[in-house]
Amino acid sequence: GMGALAFQMDAPLLFDEARDALIFGEFRASSNSMGFSTLDLRTGERAWTAAEDRAALHERLADRIGWRAGSLYHHAAVLPGRRILEATSSRYRAQRVVVREARRNSAPGAEIELSASAAEIPGGVAVHPDGTRFVSGDTQHLIVRDARTLEIVERLDDAGTNRVYGVAYSPDGERLAIGTGDGTVLIYETRYHKRIAEIRPVQFD
């Protein structure tokens with residue numbers, strides 16, 4: 001159904017290196033429920049974790065990896081201090097970037113909205129490997145924030161003539177890749193946030 005399709009198009013997919021496992025989102029049409037499966041890569045055993053909504057899904061993923069700061073997938077990440085960073089769609093404003101505290105005693109955690117825009121598709125989020133800052137993509141620009149204070153550190157307004165659809169840090173944190181709507185990938189160094197490369201899509205005959 002459409003619910004399953006929409007979920008699978010924006011579903012978690014990550015390796016849990018500490019437990020040698022693969023984690024991937026699943027939508028169970030029979031029960032109309034979302035969640036994720038954990039596949040043990042040594043034994044082949046598979047375990048299912050259900051979630052009542054995306055907020056719960058992200059927190060259970062964070063529980064699974066021990067709330068280690070880093071990306072869960074292109075639209076969600078874990079921040080220090082048991083917080084979740086999300087780029088999400090909204091009925092009234094197409095894209096919202098929010099930081100949400102972990103639930104306490106089943107009560108929803110406090111939510112801080114960092115930005116809202118008319119972008120049709122969330123632009124992606126990524127956390128620097130050292131956990132000190134994060135980026136979020138939006139229409140034609142990228143914002144770098146301090147992970148502790150949430151204050152803006154840098155704003156890249158030349159991040160593309162198209163919408164920003166995906167962002168990723170290199171493992172050493174020295175490079176930042178930005179995927180744009182026209183298929184171009186932009187590479188920035190992360191000390192001064194200067195563009196150092198531009199990779200254009202190949203045009204096939």
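The questions and answers below go through the terms used for this predicted model.

Reader: What makes a feature of this predicted model count?

Author: In this predicted model, local features need pLDDT of at least 70, and side-chain atom pairs need pLDDT 80 or more, while totals for chains, interfaces and linings use all residues. Residues are numbered from 1 along each chain as its sequence is written, and side-chain values use heavy atoms, with hydrogens and water left out.

Reader: How many helices and strands does the protein have?

Author: The protein has two helices and 17 strands. Both are DSSP runs, numbered from the N terminus: helices are H or I with at least four residues, strands are E with at least two.

Reader: Why is Thr 38 called buried?

Author: Buried means under 20% relative accessible area, exposed means over 50%, and partly exposed lies in between (1.4 Å probe, protein chains only). Thr 38 has a relative accessible area of 9%, so Thr 38 is buried. Thr 38 lies in strand S3, residues 33-40.

Reader: What does Thr 38 contact, leaving aside neighbours within four places in sequence?

Author: Contact means heavy atoms within 4.5 Å. With those neighbours left aside, Thr 38 is in contact with Ala 21, Leu 22, Ile 23, Glu 45, Arg 46, Ala 47 and Arg 64. Thr 38 and Arg 64 are 26 residues apart in sequence, and their C-alpha atoms are 9.2 Å apart.

Reader: Why is Val 135 called buried?

Author: Val 135 has a relative accessible area of 0%, so Val 135 counts as buried. Val 135 sits in strand S11, residues 133-138. Not counting residues up to four places away in sequence, Val 135 touches several residues, including Gly 124, Leu 142, Val 167 and Leu 176. From Val 135 to Ile 152 is 17 residues in sequence and 9.6 Å in space, C-alpha to C-alpha.

Reader: Gly 137 is in strand S11 too. Is Gly 137 buried or exposed?

Author: The relative accessible area of Gly 137 is 2%, so Gly 137 is buried. Beyond four places in sequence, Gly 137 touches Gln 95, Gly 123, Gly 124, Leu 142 and Val 164. Gly 137 and Val 164 are 27 residues apart in sequence but 5.3 Å apart in space, C-alpha to C-alpha.

Reader: What makes Arg 191 exposed?

Author: Arg 191 has 69% relative accessibility, and therefore counts as exposed. Arg 191 is in the loop between strand S16 (185-189) and strand S17 (195-199). Arg 191 and Gly 173 are 9.5 Å apart, C-alpha to C-alpha, and 18 residues apart in sequence.

Reader: Why is Asp 20 called partly exposed?

Author: The relative accessible area of Asp 20 is 33%, so Asp 20 is partly exposed. Asp 20 belongs to the loop between S1 and strand S2 (21-28). Asp 20 has a positive phi of about 50 degrees, although Asp 20 is not a glycine.

Reader: Where is Leu 150?

Author: Leu 150 is in the loop between strand S12 (141-146) and strand S13 (152-156). Its relative accessibility is 12%, so Leu 150 counts as buried. Leu 150 also has a positive phi, near 70 degrees, in a residue other than glycine.

Reader: How do you know that Arg 28 lies over the face of Trp 48?

Author: A charge sits over a ring if NZ of Lys or CZ of Arg is within 6 Å of the ring centre and within 35 degrees of the ring normal. Arg 28 is at 3.9 Å from the ring centre of Trp 48 and lies over the ring's face.

Reader: What is the volume of the largest pocket?

Author: The largest pocket has a volume of about 350 Å³. A pocket is an open set of points on a 1 Å grid over the protein atoms alone, where a 1.4 Å probe fits, with protein on both sides within 12 Å along at least five of seven lines; lining residues have an atom within 4 Å of a point. Points are joined across faces, edges and corners, and the volume is the space filled by probe spheres set on them.

Reader: Which strand gives the most to the lining of the largest pocket?

Author: S5 gives the most, with four residues. Strand S1 (13-16) and strand S5 (70-73) each supply at least two residues. Among the lining residues are Leu 13, Phe 15, Arg 68 and Tyr 73.
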